Amino acid sequence: MNGQDARAAVHRAINQVAPDVGPEDLEEAGARLRQDLELDSLDFLRLVETIDTSTGVNIPERDYPQVSTVGGLIDYVTAHG
């Protein structure tokens, strides 16, 4: 999966899990999912599940630190998709 496709998939997944997150928040690659976008633990797990369902990229728990930001999640999906 290329970076543009991964970015679109991540943005769709975040909008699905947290529809109140604005598009400007998603453009900040360093935006932290839990702190800056205010996703709670269940939202984060739903996001991981949504990414898996929509892209086929499984994110094991040991890799959660790598996907703690919008940019990190996009990079992860790009590398593993």
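**View 1. Crossing of helix 1 and helix 4 in a predicted model.** The axes of helix 1 and helix 4 (lines fitted to C-alpha atoms over the stretch in contact, with angles from 0 to 180 degrees between N-to-C directions) come within 8 Å and cross at roughly 125°. Helices are DSSP runs of H or I with at least four residues, numbered from the N terminus. In helix 1, Gly 3, Ala 6, Arg 7, Val 10, His 11 and Ile 14 meet Val 70, Leu 73, Ile 74, Val 77 and Thr 78 of helix 4; contact means heavy atoms within 4.5 Å.

Residues are numbered from 1 along each chain as its sequence is written. In this predicted model, local features need pLDDT of at least 70, side-chain atom pairs count only at pLDDT 80 or more, and totals for chains, interfaces and linings use all residues, while side-chain values use heavy atoms, leaving out hydrogens and water.

**View 2. Buried residues of helix 4.** Helix 4 spans residues 70–80, and its buried residues (under 20% relative accessible area, 1.4 Å probe, protein chains only) are Val 70, Gly 71, Gly 72, Leu 73, Ile 74, Tyr 76 and Val 77. These residues pack against helix 1 (3–17), helix 2 (23–26) and helix 3 (41–55).

**View 3. Surroundings of Ile 59.** Leaving aside residues up to four places away in sequence, Ile 59 touches Val 48, Ile 51, Tyr 64, Val 67, Leu 73 and Tyr 76.

**View 4. Glu 38 in a loop.** Glu 38 lies between helix 2 and helix 3. Its phi is near 60°, a positive value in a residue other than glycine. At 65% relative accessibility, Glu 38 counts as exposed (over 50%).

Conventions. Helices (H or I, at least four residues) and strands (E, at least two) are DSSP runs, numbered from the N terminus.
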